[in-house]
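Q: I am new to this structure and would like to go through it step by step. Could we begin with the parts that lie along the DNA?

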2 protein chains.
Amino acid sequence: MTTIKDVAKLAGVSPSTVSRVIAGSNRISAETRARVLRAMEELNYVPNAAARSLARANSWTIGFTIARQAEQAFSNAFFPEVMRGMSTVAQARNYNILISISRTIEEEREKCLQLIRERRVDGLIVSTSRINDPLIRTLLEEDVPFVLIGRCAERPVLSVNNDNVQAAKMATLHLLDQGYENIVFVSGDSGLVVSRDRLNGYKQALIERDLPVDQMRIIEADFSIEGGFRALRELRERGVPFDAVCAADDLLALGAIRFAEHFGLRIPEDFGIVGFNDSPLMPFIHPPLTSVRILAYELGTEAMELLLDTLASPNKPRTMKEIILPSELIVRRSSCRLKTPDSIRG
Amino acid sequence: MTTIKDVAKLAGVSPSTVSRVIAGSNRISAETRARVLRAMEELNYVPNAAARSLARANSWTIGFTIARQAEQAFSNAFFPEVMRGMSTVAQARNYNILISISRTIEEEREKCLQLIRERRVDGLIVSTSRINDPLIRTLLEEDVPFVLIGRCAERPVLSVNNDNVQAAKMATLHLLDQGYENIVFVSGDSGLVVSRDRLNGYKQALIERDLPVDQMRIIEADFSIEGGFRALRELRERGVPFDAVCAADDLLALGAIRFAEHFGLRIPEDFGIVGFNDSPLMPFIHPPLTSVRILAYELGTEAMELLLDTLASPNKPRTMKEIILPSELIVRRSSCRLKTPDSIRG
DNA sequence: CTGTTAGCGCGTTCAA
DNA sequence: TTGAACGCGCTAACAG
């Protein structure tokens, strides 16, 4: 392994001079700098990350954490896209990304704390948040620099989110506009902030149209196709009448398609469906599925930028900026009993 | 920040004793160990990763690299699943995972070399390989510990792969068994080893049935739905007759569905389709798509285990073990003009 | 079984 | 503008 001493020897200077060249100090003669650079080149020298970390007390590494509930969403393109976004920014600013996938929220909390305490990462990007999330509370208590992708329900934290309330409201209004009258809402894990927000959007749409919000029409489902199916079957068995569903995720919407097939309902004539996340394959589903498109890549870039900016000015008082990105309702056949298929995508 | 010295002081021992406790040395009295552990507990002590790395010359971190061509495949669940697999094993063995997503193979090579030279990672898991891949050549030259997910065409390297040749052969034989007579092969980037292997499987199937291998029936496509569509249209314009397609990825197979819709071909009556990767949504595609299921999660666990085992015994001569995992053809309607839909999945 | 000492490779004083 | 000396937190070799 070639060290700073080897370079110094070859260039005929002291190690500290080499260090200055690396740091880009200007208190150095052009000639010396050139000699040092040549020596570095020749020896293929690369500074040892651990030694730098130790001396400067930072790691140039950001941790990205995903917990179990999210892991399921791993089946759609959301997380990969977020990661691609984060990576683009990190790379441009010479940061690395450490990922930590946990099975439970306790494990997630342990892992995050460890990464921070070990000084393995300078900050964290947290990918989902629960109501009263213990991870977030801990991170705040320990004053860990972090950005949340999503929203913290209890207090402002640095975060990047898409406007779930607005999006779910749009989706529901769209169903109403299409003449559906009894819309049910199939939620994911109700402990997640994102679920709560989407549910609120659904409610707001009903209220805006002076329609009653009926708890019977709201149901929580396992985050899977099967879960979506079972939730609707359950509602049906309870005798709740409905002719459309706003599902908190595409997987749940696919469960709704299963439900319709199973009970002989025609989509969109008898039954309208909208989902969330607009996975790339939605246009190919039968029928093509209406869905809310989330800017996943952008969530990643924005989160990373926000975090790195924060780290770059540590003394600056931390304003708990919350960035909100727009989402878009992609209308396809599964929710269109009025418009002709020609006028819509997919 | 609490260091080993603080613990030592509180426990009334020397720093090296604390270090021994951490390392689990047995040359230590039970009583002292208990005192030290209590002090560690009390101070919430966690060893600094950089200092350990520096002293022990390892990082307990594995790099995972993805390059552009793969990034597209990011839209299906393959990479997330691989990562989940890697993560499970890494976590169990106290390793961390650093990810590096590059746009070009040159950039990928740079990033990997840097991670190694900086000593930021102890080894690498490389996610895709090209024919004559410069990254792999470099890693071998520099004697970097790495495992390839895939296969190296030129020489044996530590790798974990699914049997692409066999899988493509199965897929093609299945189409032949279903009575399709003119099967074309739509390949991804022909520079990738995986593309070559799948193409070879296709050829082997034809040869086994004494059918001619016709270069006119083999075409390379952009890795996208649109690319799959254009490739088939191109073949059609060239006057190549065909009634079925073996596509090297589900995305390309979706392009084939588009093609069939566009030219009024019925699937599976007029036109049979099989894809690769069996994305979770394939059962919902219209028609449900036959596809080769890859054990992505297992590829991840096996790759990580292989790498960590190698790192664990560095002096042992490196046998270039190549692990091959089976894949499975999931038959659905898109390729079944003989069997009844009841007898098949999806 | 335990303490002392000397690095690991780099950044950063303080002098010169 | 440059070099010498020390410290970052931990491990390991050597004494005892």
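Predicted model: local features only at pLDDT ≥ 70, side-chain atom pairs only at ≥ 80, totals over all residues.

Q: Which helix gives the largest share of the surface near DNA strand C?
A: That is α4(A), which contributes five residues.

Q: And which residues come nearest to DNA strand C?
A: There are 24 residues around DNA strand C, and the nearest are Thr3(A), Ile4(A), Ser16(A), Ala51(A) and Ala55(A). By class, this surface has twelve nonpolar, nine polar and three charged residues.

Q: What about DNA strand D, how many residues surround it?
A: DNA strand D is surrounded by 25 residues, and Thr3(B), Ile4(B), Ser16(B), Ala51(B) and Ala55(B) are the closest. Helices α2 and α4 of chain A, together with α2 and α4 of chain B, each supply at least two residues of the surface near DNA strand D. That surface divides into 13 nonpolar, nine polar and three charged residues.

Q: Let us stay with α2(A). At what angle do helix α1 and α2 of chain A pack?
A: Helix α1 (residues 4-11) of chain A packs against α2(A) at an angle of about 105°, and their axes are 8 Å apart. Angles of 65 to 115 degrees count as roughly perpendicular, so α1(A) is roughly perpendicular to α2(A).

Q: Which residues make that contact?
A: On α1(A) they are Ile4(A), Lys5(A), Val7(A), Ala8(A) and Ala11(A), while α2(A) provides Pro15(A), Thr17(A), Val18(A) and Ser19(A). Six residues of this contact are nonpolar, two are polar and one is charged.

Q: Over to chain B: how do α2 and α3 pack there?
A: Helix α2 (residues 15-23) of chain B meets helix α3 (residues 30-43) of chain B at an angle of about 90°, with the axes 10 Å apart. The two helices are therefore roughly perpendicular to each other. Thr17(B), Val18(B) and Val21(B) of α2(B) touch the other helix, and Thr32(B), Arg33(B), Val36(B) and Leu37(B) are the contact residues of α3(B). By class, this contact has four nonpolar, two polar and one charged residues.

Q: Moving on to the inside, how many residues does the largest nonpolar core have?
A: The largest nonpolar core has 178 residues. Ile125(A), Val186(A), Ala247(A), Ile125(B), Val186(B) and Ala247(B) have the most contacts inside it.

Q: What does Val186(B) touch?
A: Leaving out residues up to four places away in sequence, Val186(B) touches several residues, including Ile219(B), Gly228(B), Leu232(B) and Ala247(B).

Q: Where is Gly228(B) found? And is Gly228(B) buried or exposed?
A: Gly228(B) is found in helix α11 (residues 225-237) of chain B. Gly228(B) is buried, because 31 other C-beta atoms lie within 10 Å and the cut-off is 20 or more. Gly228(B) and Val186(B) are 42 residues apart along the chain, yet their C-alpha atoms are separated by 7.2 Å.

Q: Last topic: how many residues does each chain bring to the contact between chain A and chain B?
A: The contact takes 35 residues from chain B and 35 residues from chain A. On the side of chain B, the elements that give two or more residues are α4, α6 (78-92), β2 (96-101), α7 (105-117) and α12 (250-262). That side divides into 20 nonpolar, nine polar and six charged residues.

Key
Residues numbered from 1 in each chain as written. Chains lettered and ligands numbered in written order. Axes fitted to C-alpha atoms, helices over the stretch in contact; angles between N-to-C directions. Helix = DSSP H or I, 4+ residues; strand = E, 2+ residues; numbered from the N terminus. Parallel < 35°, antiparallel > 145°, perpendicular 65-115°, else oblique. Contact = placed C-beta atoms within 7 Å. Nonpolar A, V, L, I, M, F, W, Y, C, P; charged D, E, K, R; others polar. Near = placed C-beta within 6 Å. Core = buried A, V, L, I, M, F, W, Y, C linked by C-beta atoms within 7 Å. Buried ≥ 20, exposed ≤ 12 C-beta atoms within 10 Å, placed from the backbone.
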